[in-house]
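User: Hi! Could you walk me through this structure with a few questions and answers?

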Amino acid sequence: MDKAEKLDAYFSKPSPWKEGINQLRDIIGDTELKEEWKWSFPCYTINGRNVLGIGRFKNHFGIWFFQGVFLKDKKGLLRNAQDGKTKAMRSLHYESLEDLDENLALEYILEAIENAKEGKEIKPERNTKKVAIPEELENAFQKKEELQSAFQKLTPSKQREYAEHIGGAKQEATRLRRLEKCVPMIIEGVGLHDKYKNC
């Protein structure tokens, strides 16, 4: 399926929120945002910058703003997905179609577009901490030189995933079992969670 087919399928799928997400799509369609398909959701960009997305969930539908922290939010409607973790993203939730005030939604959208044009952005922090290699993996490096070489070619985040997965088990037998399963994947150069990321 190409992008257009994925978008059409998303917006035409039967759901309690079908009418609501299509109303949001119409509102956004009258702006200068470009409709994209990212992370299995409709996403809207300007000049290559992610501005907002539309989502439907079990108990609500809504818009999330990638840099929503910069929105004035005079009415106090924006939500932080994970307090203490989510720094920039904020969302507008609608638990019924009657909750959706089109003019108010448009105000937030237009402000988000202006903020994106001005380059307002909080960039994600990169974890620069050195990866702690568990003893079992260190021992495997000594026995298999190609394993260490393959591990070093992985990105730091993939190295950290493997190290935490193997070293995170309490019992040595579990750590060794995990190591055994991970060795072929490391040598192949794939990340521990790559199969989920490509779904």
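Analyst: Happy to! One definition to begin with: a residue counts as buried under 20% relative accessible area, as exposed over 50%, and as partly exposed in between. Please keep in mind that this is a predicted model.

User: Thanks! Is Gln-159 buried or exposed, and what is its relative accessible area?

Analyst: Gln-159 sits in helix α6. The cut-off for buried is under 20% relative accessible area. Gln-159 falls below that cut-off and is therefore buried, with a relative accessible area of 14%.

User: Which residues does Gln-159 contact beyond its neighbours within four places in sequence?

Analyst: Gln-159 is among the buried residues of α6, a group that also includes Lys-158, Arg-160 and Tyr-162. Leaving aside neighbours within four places in sequence, the contacts of Gln-159 are Val-131, Phe-151, Gln-152 and Leu-154.

User: How far does helix α6 reach from its first C-alpha to its last?

Analyst: Helix α6 covers residues 156-167, which is twelve residues. At 1.5 Å a residue, the expected span is 16 Å. The model comes close to that expectation, with a reach of 16 Å.

User: Let's turn to the helix pair α5 and α7. At roughly what angle do their axes cross?

Analyst: Two packed helices are described by the angle between their axes and the distance between the axes. For α5 (residues 145-153) and α7 (residues 172-188), the axes come within 8 Å. Their crossing is left-handed, and the angle is roughly 60°.

User: How many nonpolar residues are in the contact of α5 with α7?

Analyst: From α5, the residues involved are Glu-146, Leu-147, Ala-150 and Phe-151, and they meet Val-183, Ile-186 and Ile-187 of α7. By class, this contact has one charged residue and no polar ones, and the number of nonpolar residues is six.

User: What is the relative accessible area of Leu-147?

Analyst: Leu-147 is found in helix α5. Not counting residues up to four places away in sequence, it touches Leu-137, Ala-140, Phe-141, Val-183, Ile-186 and Ile-187. Leu-147 is buried, and its relative accessible area is 1%.

User: What is the phi of Trp-39?

Analyst: Most residues other than glycine have a negative phi, and most peptide bonds are trans. Trp-39 is placed in the loop between β1 (34-38) and β2, and it counts as exposed at 54% relative accessibility. Its phi is positive although the residue is not glycine, with a value near 55°.

User: And where does Asn-47 lie?

Analyst: Asn-47 is not a glycine either, and it has a positive phi of about 50°. It counts as exposed because its relative accessibility is 70%. Its place is the loop between β2 and β3.

User: How far apart in space are Glu-102 and Gln-23, C-alpha to C-alpha?

Analyst: Glu-102 lies in helix α3 and is partly exposed, with a relative accessible area of 37%. Beyond neighbours within four places in sequence, Glu-102 is in contact with Gln-23 and Ile-27. Glu-102 and Gln-23 are 79 residues apart in sequence, and their C-alpha separation is 8.1 Å.

User: One last one: what is the C-alpha to C-alpha distance between Ile-133 and Tyr-162?

Analyst: Ile-133 is in the loop between α3 and α4, and at 26% relative accessibility it counts as partly exposed. Leaving aside neighbours within four places in sequence, Ile-133 is in contact with Glu-138, Phe-141 and Phe-151. Ile-133 and Tyr-162 are 29 residues apart in sequence, and the distance between their C-alpha atoms is 8.9 Å.

Key
Residues are numbered from 1 along each chain as its sequence is written. This is a predicted model: local features need pLDDT of at least 70, side-chain atom pairs count only at pLDDT 80 or more; totals for chains, interfaces and linings use all residues. Side-chain values use heavy atoms; hydrogens and water are left out. Axes are lines fitted to C-alpha atoms, for helices over the stretch in contact, and angles run from 0 to 180 degrees between N-to-C directions. Helices (H or I, at least four residues) and strands (E, at least two) are DSSP runs, numbered from the N terminus. A crossing is left-handed if the near helix is turned anticlockwise from the far one by less than a right angle, and right-handed if clockwise. Contact means heavy atoms within 4.5 Å. Ala, Val, Leu, Ile, Met, Phe, Trp, Tyr, Cys and Pro count as nonpolar, Asp, Glu, Lys and Arg as charged, and the others, Gly among them, as polar. The expected span of a helix is 1.5 Å times one less than its number of residues. Buried means under 20% relative accessible area, exposed over 50%, partly exposed in between (1.4 Å probe, protein chains only).
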